[in-house]
Amino acid sequence: MKNRVGIVGVGQTHHKSKNTDCKGQELISIAVKRALESADLTMVDIDAIVIGNMDHFESINYVDMWSVDGSGGYMKPIMKVTTGGTTGSAVGHAGFYHVASGLFDTVLAIGWEQNSESDTTAAISTCFDPITEREFCGGAIGPLAAQYTAYMSKYGATEEDAALVSVRDHNNAALYNPYAHLRQTITVEEVMKSPYISYPMKLLDICPRSDGACAVIFAGEDKAKKTVERPAWILGVGDCHILVHLADGIGLANLPSLERAAREAYEMAGITDPFRQFDVAELYVPASTAGVTWMEALGLCEEGEGPRLIRSGVTNMGGELPINPSGGVLATNPIGATGLLRIGEAALQVMGKAEEKQVEGARVAVATGFGGCFWSDITVLSSSTQLG
Amino acid sequence: MDEVAIIGVAQTRYQRDNPASHAEMAYEVTRKALEDAGLTIDDIDNTVTVCNDFWDGRTISCMTITEATGSHKVPTTNVEGDGTYGALMGAMRLLSGLHEVTLVVAQSKVSEGIPAVITNAMFDPVYERSLGLDAINSSALQMRRYMSKYGITEEQCAKVSVKNHKNAKSNPYAHMPLDITVDDVLKSRVLADPIKLLDTSPVSDGACAIIMAVDEVAKKRCSKPVWIRGIGHCADAYHLGDRDLAEVDALVSAARRAYGMAGIQDPVREIDVAEVYDAFSYMELMWMEGLGFCGRGEGGAMIDSGMTGMNGALPVNPSGGVLSAHPVQAAGLARIAEAVLQLKGKADARQVEGATVALAHGIEGACGQGHCVFVLGR
């Protein structure tokens, strides 16, 4: 990497199911203002902007241009990145590359979505091939359900294991994250009794759809050091958009895209023992089931060991490796912002600014993004410019 | 900044109702760009696709060309904007030092959509969309404002169309090579006064790919690398009513940034050929002003002087420009590809002799709200 990049500011809206107070530009504006305030910067300091969402959730074309009134992008360089569910993480990575390239010093990355404007599953279903696949109306839930069925059968995982993840994330959101969309504490029993959406997934196993926005400010090394006492340095990035057709093999009991993306990011960052080296993780877990199965792809445990890790409680707050102190995607899911929220929340942890949800002494964090056709992005962040 | 070079380019022939699918078009240009660069797909270590969910008629539209571009095998991202913005993202990845060879692919099948509906969706859903604004009638407002503020005439705009359609006759990829006169343009059907059919770019399907590499790779693999000397992009205000549509502030800013990086002080003298995004005839005149090729309001006089013709001091759009082929997402990337061909001396019948510095330009949003400018050099 020619130019070191650090995160210096993070802002987000209070996420909710349907935000009737704000239109899209206003959601964006709130997140941007909060990010700027958190870094004690103003729009004058911002050299360029990258923004992303998924077009068909709001039906606005050329969002990079439309958003100028909310993003502060008037007479500034601005571009749009969009890759489906991974949009937020791709926007974060684009912000990183803007600075790493040396072309821009301080860059604002914005992810947003106003999902209440559309029928989310209908919009997602149009991602599949119009001739051979679209009529199945797959949406996002079915493939994840199929994956966990296969995992349960292969490794003896249970529906209760997934419920444990759901309880962990929902309760973290309820107890520690004032910005989260769903903020009620729940029990395993309540998850198990919630109605089936697609076996083995029940209502409380899956993420909501939310209205909200997130803004993250990336800066070059000198600027970052001048701006905040402890920036969140980006040590590694990886992205893997591996498939187009689900039938080509989503890795029925694992997530090959996350495995490959993690390999790239770990090599760049010098991560060799992820479970020990990471102090906290913000994982894009769109369903509790994925919270059981995908830890293997990150190298946090051996194949088939996900249930053991979840049951042991090490991923809970206070455990050895807390996962999703923010409550994660199960509590908050403004889709184009969701991946960027993971990066932002991970950054707040290593900056020591996560407030109630702070993991004590967090120095190294990992954030992931998931979407598209079982695609993954990953970011490794640290309070130090390199791993000690 | 001789750090990133373009070492391969490819385009499909642009046409209406291309029977090839999005993926087939993307595959064609990927394969041809690799051939042009003397590389195989295994040499590509990252990709940038340029897909737009509205124009492609599906969500996560980059999925349509993921496999065709080999993007499933390497780190990738998708820029939703003009192709020039995709090229900018590709350059950033190389400048970061984390990648060595980037493939950028843009494609559009405009004939499969309804452009008026798709471009209506770029306007504010509450206050503006129900007025029926689209790319053509909003541009008509801009053309009228430009004409009235600076005394530009419909004839002067028509001359751009005549020049570019004629240039297209030397471009085998062009969709609309035409022998027309100013009179033909003026008498063509009015679409939205003062824009007439022959002031307007066609509905084109097509794809374009470029391969970029860091300097060590470029020097090793390419005898005539074309260097990226400067890049700039900028966005103006969103609501048409918040802008003076006759002005080109965002382009001035984007050009200033690109020229600053490239060390260009006198663009008319230092740039040998330009490929600009002339979605409508009048746009070429406005963009020349924004790019500093002439003063404000002097675009009309410049086309009258013949300076931007093939034999002029600064040929603009030797390819025929966007007026002669408008595959929306790919149109700006095609400007870069054409500029590269000029600098490599491979532009055949449309070659500008001795071109060593070229400019390529793309636009984004309504009435050129956003601009992206590339300065390339041999």
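Helix α1 of chain A is mostly covered in this predicted model: 12 of its 16 residues are buried. The helix runs over residues 24-39 and reaches 23 Å from its first C-alpha to its last, close to the 22 Å expected at 1.5 Å a residue. Its buried residues are A:Gly24, A:Gln25, A:Leu27, A:Ile28, A:Ser29, A:Ile30, A:Ala31, A:Val32, A:Ala35, A:Leu36, A:Ser38 and A:Ala39. They pack against strands β1 (5-12), β4 (106-114) and β7 (211-220) and against helices α2 (55-58), α4 (68-71) and α10 (221-227), which belong to chain A. After the helix comes A:Asp40, with a positive phi near 55 degrees.

Elsewhere in chain A, A:Leu387 sits in the segment that follows β11 (375-382). With 15 other C-beta atoms within 10 Å, A:Leu387 is partly exposed, because a residue counts as buried at 20 or more such atoms and as exposed at 12 or fewer. Its contacts, leaving aside neighbours within four places in sequence, are A:Leu235, A:Ala269, A:Gly270, A:Gln277, A:Val364 and A:Ser382. One of these, A:Gln277, is 110 residues away from A:Leu387 along the chain, yet their C-alpha atoms are separated by 8.9 Å.

The next topic is the sheet of chain B. Nine of its strands form an open sheet with mixed pairing, in the order β3-β2-β4-β7-β1-β8-β11-β10-β9. At the edges stand β3 and β9 (273-275) of chain B, and each has a single partner strand, so one side of each is left without a neighbour in the sheet. On average, and with direction ignored, neighbouring strands of this sheet are turned by 25 degrees against each other.

Within that order, β1 of chain B lies between β7 and β8. All of strand β1 (residues 4-11) of chain B is buried, eight residues of eight, so the strand is largely enclosed by the rest of the structure. On one flank, β1(B) runs antiparallel to β7 (residues 205-214) of chain B and is joined to it by seven bridges; here B:Val9 stands opposite B:Ile210. The pairing of β1(B) with β8(B) is also antiparallel, over two bridges, and B:Ala5 has B:Trp227 as its bridge partner in β8(B). Further along the sheet, β10 (residues 357-364) and β11 (residues 370-377) of chain B pair in the antiparallel sense over eight bridges. In this pair, B:Gly362 is opposite B:Cys372 in β11(B).

The axes of α6 (residues 154-168) and α11 (residues 281-290) of chain B come within 7 Å and cross at roughly 100 degrees. From α6(B), the residues B:Gln156, B:Cys157, B:Ala158, B:Val160 and B:Ser161 meet B:Ser281, B:Tyr282, B:Glu284 and B:Leu285 in α11(B). By class, this contact has five nonpolar, three polar and one charged residues.

Last comes the interface between the chains. In it, 43 residues of chain B are in contact with 49 residues of chain A. On the side of chain B, the elements that give two or more residues are α2 (53-56), β3 (76-79), α3 (83-95), β8 (226-235) and α9 (249-262). The largest share, five residues, comes from α3(B). This side of chain B divides into 20 nonpolar, 15 polar and eight charged residues. Two of the contributing elements, β3 and β8 of chain B, are also strands of the sheet described above.

Note on methods
Residues are numbered from 1 along each chain as its sequence is written. Chains are lettered from A and ligands numbered from 1 in the order in which they are written. This is a predicted model: local features need pLDDT of at least 70, side-chain atom pairs count only at pLDDT 80 or more; totals for chains, interfaces and linings use all residues. Axes are lines fitted to C-alpha atoms, for helices over the stretch in contact, and angles run from 0 to 180 degrees between N-to-C directions. Helices (H or I, at least four residues) and strands (E, at least two) are DSSP runs, numbered from the N terminus. Two residues are in contact if their C-beta atoms, placed from the backbone, lie within 7 Å. Ala, Val, Leu, Ile, Met, Phe, Trp, Tyr, Cys and Pro count as nonpolar, Asp, Glu, Lys and Arg as charged, and the others, Gly among them, as polar. Two strands pair if DSSP finds at least two bridges between them. The expected span of a helix is 1.5 Å times one less than its number of residues.
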